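Colleague: Could you take a close look at the interface for me? I'd like to know what kind of contact it is.

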Amino acid sequence: MKKVVKKLGIFKKVGMTQLIMEDTGNVVSVTALKLVPSVVMDTSEENETDPKRIVLGYGTPRLSRCTKPHMGQFKKRSLDVHKWLTEVLFDQSTDTPLSVGESLSLSQFVSDERVFVRSKSKGRGFSGTIRRWNFRRGPETHGSKSHRITGSIGGGTTPGRVLKGKKMAGQYGNTMVTVQGLRVVRVDESEGLLFLAGGVPGAEGGLVVVGVGL
Amino acid sequence: MTSKIIQDLEAVDKENAVAYGVGDTINVHQLIREGKKERVQRYEGVVISRRNKGNIKEVVTVRKIVDKVGVEKTFLVRSPLVSKIEIVRQASVRRAKLFYLRDRKGTKATRLKAKNEGVKANA
């Protein structure tokens, strides 16, 4: 992420369910996210200004699969080994700046807060224009052979070329997707669960980055 | 496959559940909020469908006849607004869903065989 965030958490998508609100009795469809263990590795300043580049370790590793240089990064700071390393920009000018050895906690999120979500969407492989761009299909019968074909991709002599950005078949999904403005419905710190109203991109078990302030 | 975490979230305390079944006549106490006022509305009728048993999403459909017009209401059983469910009368039925009652008229539409009717006759 290239923008500075105010709150950040790394989660795993558990799945969807419904919650019944205690006060109103309303039922809300939610996505449950499970907090992934993480640790702040480094908070070295990018420059003199407020935004700071933070190095994060996250995920539970299989130690037998970790390389010595990878583990060395953690040992050097006498921290527990985490599976992956990443860099984020975190707003350190708030009341609770992150320090080395700290983990990203659930307690920073509160109910009714609006958050953004970043995760990898489900891969759909090489998809045609109908699935990928919601094009309409051709007739199935009456001698038609244009069942799911793309159809015309532009004019003739003018413009004499295919316009850039023309929607065509190709790889669909398996890309990082950001959804903004999802509402936090419930924070369960004892179970390490965060409940967001609505859906979250990606398959169950996939990594989800949740934060505030994009 | 639903994950274990989701299953645990949706699980309910079965011991405190009201043991009503399909065909039973039940009285549902529902909390109604009108502005700032709160009152309990009671609704009595026959259970014709019960879905998602043992889950927080449990839903029950209760049917009754009002002025010769069939009325059906569905309740989210685990909702905080459903304060109480009383069993008025129990019946033994052979279906899990009693939708056939919708097509019936007169006493046939309301009368169901009482539970343990046969047992009483023997005793």
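Modeller: Let's start with salt bridges: across the interface of chain B and chain A, the rule finds zero. For that rule, a side-chain nitrogen of Lys or Arg has to sit within 4 Å of a carboxyl oxygen of Asp or Glu. Keep in mind that this is a predicted model, where local features need pLDDT of at least 70 and side-chain atom pairs count only at pLDDT 80 or more, while totals for chains, interfaces and linings use all residues. Residues are numbered from 1 along each chain as its sequence is written, chains are lettered from A and ligands numbered from 1 in the order written, and side-chain values use heavy atoms, leaving out hydrogens and water.

Polar contacts do turn up: two residue pairs between chain B and chain A, both at pLDDT 80 or more. That term covers N or O atoms within 3.5 Å, one able to donate a hydrogen and the other to accept it, with sequence neighbours counting only through side-chain atoms on both sides.

On the side of chain B that touches chain A, helix H1 (residues 4-10) of chain B gives the most, with four residues; a helix here is a DSSP run of H or I, at least four residues. That side of chain B divides into eight nonpolar, two polar and four charged residues.

Overall, 14 residues from chain B meet 17 residues from chain A, contact being heavy atoms within 4.5 Å. The buried area is about 1100 Å², 69% of it from carbon and sulfur atoms; that's accessible area (1.4 Å probe) lost on putting the two together, summed over both.

Conventions. Helices (H or I, at least four residues) and strands (E, at least two) are DSSP runs, numbered from the N terminus. Ala, Val, Leu, Ile, Met, Phe, Trp, Tyr, Cys and Pro count as nonpolar, Asp, Glu, Lys and Arg as charged, and the others, Gly among them, as polar.
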